[in-house]
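This report describes one chain of a structural model, beginning with a single residue pair and widening to the whole chain.

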Amino acid sequence: MSRKATWVIGTASILLLLALYTRLSIHQHMINPTDTTIPTWMQMSEGISKIFAAQPRTGDRWIVEDVLATLSRLGFGLGIGVFIAFALGMSMGVWRWMEAFFLPILSLFAKIPPTAMMAVFFTLFGTELKMYGAIIAFGVIPTLAQTIYLGLKDIAEERIDKARTLGASTTEIIFCIMFPQILPKLLDAIRLQIGPAMVFLIAAEVLVGDVGFGYRIRLQSRLLNMNVVYPYLAYLALFGFGMDMGMRWIQCKLCPWYAKGGVS
Amino acid sequence: MDSMQALPLVRKGGCLVKPILTVSNASFQVRKQHILHGVDFTIGRGQIVGVLGASGCGKTSLLNLIAGITRSTSGIVSVNYDGQETEIVGPGPDRGIVYQAYGLYPFLTSVENVAFGLKLHLTTIPRRMWGQVTGFWRRLRREHLKHAEELLVRFGLGDAVHKYPHELSGGMRQRVAIAQALIMKPQILLLDEPFGALDEATREDLQRMLLVLYEENIQAVGQGKPAPHTILLVTHAISEAIFVGDRVMGLSRHWNWEEQGFSSCPGATVVYDKVAPVFNSTDSVDFEKFFGQKNEIAQLVFDEKVRVRPQDHCTFWSQVRVNHGHGVTHDV
């Protein structure tokens with residue numbers, strides 16, 4: 001199939017979805033003209049302007065404060081998660097005793113869904129930024145650390161031996177051979193972990209947040225203001241797309257060899 | 001056993017054959033597995049030695065002992081570059097190695113791969129980081145890359161300089177791998193079945209490239225200078241060992257260990273070590289010339305039914321002494 005055809009069909013699927021929604025909302029409003037569960041496009045635009053409007057009392061805009069809150073929590077959580085996973089995965093891949101020590105703990109915690117452990121996080125870390133960071137980090141560390149550790153195990157021993165005949169020190173083997181070799185896999189893993197990280201974050205925000213996407217969606221659904229909830233969901237989707245493309249772009253820039261089809 | 005003990009060995013031209021690598025009575029075992037037993041030989045500077053053996057007989061283990069990647073269980077492996085014998089205790093840039101696969105780093109382009117050793121050996125991470133600040137590293141790096149590019153061009157890889165390994169053919173990859181090892185100017189170059197995965201024509205091409213290196217040796221010796229390249233070529237192709245090497249060694253587990261009082265095989269040992277004909281890089285492969293030797297090796301090294309007495313066929317240095325053969329160990 002040609003590229004153009006793929007594009008046309010893809011657009012058609014989105015348009016069809018929008019058309020079906022329009023049909024559904026018209027139908028619902030014929031039954032109940034005051035319905036807010038399936039808002040018409042008119043109601044939807046009112047909702048969107050509410051999202052962007054300055055609040056009369058505080059002057060804040062929902063979208064600004066929610067995006068800032070959610071993004072900083074996600075960034076903070078992913079940041080420490082990646083940092084700890086990197087240190088853990090690298091040391092497990094390099095030193096046998098680290099592997100023996102951390103592997104059981106890691107596989108044990110990997111089995112517990114972080115959302116089930118929220119109460120633990122609330123009691124340990126309160127309900128501030130710290131807690132969101134901890135819950136995201138806890139959720140992504142097992143997968144990321146294991147990706148790094150397994151990636152290191154995969155490196156052919158000849159590559160390491162060869163480096164040593166070229167005069168590499170242990171530090172150089174870790175940073176000049178092992179690290180660049182697993183970097184693209186690590187970036188892939190981070191990209192795929194953004195989804196789960198969002199799940200943990202939104203769940204925590206729904207439960208205890210006082211600002212942020214999860215909080216806003218919970219509050220507005222209680223009020224049956226679906227004309228606010230749907231645009232928020234759309235923003236989340238767009239945001240996910242953006243992150244995905246951003247990570248791919250970073251991978252292309254940092255690992256051009258991998259993007260060109262080289263295998264590690 | 002045949003050895004260089006009766007040194008100094010003087011060529012007709014008047015200069016000495018200098019030993020560069022000595023493996024004396026080396027044995028190697030992994031846990032209870034006996035891999036090598038009583039391996040004993042000396043290699044002269046500038047030789048290309050073809051090391052033959054059936055697969056799994058310990059050729060790679062021998063190479064790893066010399067590279068210093070593993071240590072022998074007993075016996076000594078030592079090098080002698082400047083008249084002083086030094087035991088090998090670990091890998092070093094004086095002994096380069098080329099593998100059949102995994103030799104190149106997939107995240108580096110050809111030129112970066114070749115320059116990699118210079119970077120690793122000559123600088124350290126803190127020095128490079130500080131060098132980023134002062135600009136010293138950028139200047140040095142440019143020199144390294146220029147040097148690497150020159151070497152690649154010399155090896156006929158001018159078009160592949162900025163390509164990644166997966167964009168190259170197998171033959172080109174091995175050329176880059178050899179350049180990567182040679183840029184370190186290693187005293188000894190270890191090749192572990194480097195051409196095993198290549199097609200016939202490419203393989204011959206690369207074999208001739210090694211013969212060019214041997215010609216450089218002969219030229220250097222003729223001018224009274226030390227020969228620059230000493231090469232151990234591990235292979236399972238008999239003709240390759242004879243064609244490229246000036247000496248062929250065979251490792252085998254099928255020797256007369258029963259007669260020596262062992263109840264099970266104590267490991268492979270050198271059962272064959274003789275002079276091989278020397279070819280020029282432009283000579284056609286003359287199979288006639290090594291037909292007899294090929295049969296002899298096939299029987300002594302590869303036939304599982306024979307029980308070889310190693311001392312009968314390890315006669316390289318005796319042959320040199322009676323001036324049998326040509327090349328760097330002989331009159332030039």
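In this predicted model, B:V98 stands opposite B:L191 in β7(B). Strand β7 (residues 188-192) of chain B runs parallel to β6(B), and 4 bridges join the two. Strands are DSSP runs of E with at least two residues, helices are runs of H or I with at least four, and both are numbered from the N terminus. Two strands pair if DSSP finds at least two bridges between them.

Helix α5 (residues 170-182) of chain B packs on the sheet and touches β6 and β7 of chain B, a contact being heavy atoms within 4.5 Å. The direction of α5 makes about 170° with that of β6(B); axes are lines fitted to C-alpha atoms, for helices over the stretch in contact, and angles run from 0 to 180 degrees between N-to-C directions.

The sheet is open, with 6 strands in the order β6-β7-β8-β3-β9-β10 (chain B) and mixed pairing. Because β6 (95-98) and β10 (269-275) of chain B each have a single partner strand, one side of each is left without a neighbour in the sheet.

Values for the whole chain follow.

| Property of chain B | Value |
|---|---|
| Helices and strands | 10 helices and 10 strands |
| Box of C-alpha atoms, along the principal axes | roughly 65 × 45 × 40 Å |

Residues are numbered from 1 along each chain as its sequence is written, and chains are lettered from A and ligands numbered from 1 in the order in which they are written. Local features need pLDDT of at least 70, side-chain atom pairs count only at pLDDT 80 or more, and totals for chains, interfaces and linings use all residues, while side-chain values use heavy atoms, with hydrogens and water left out.
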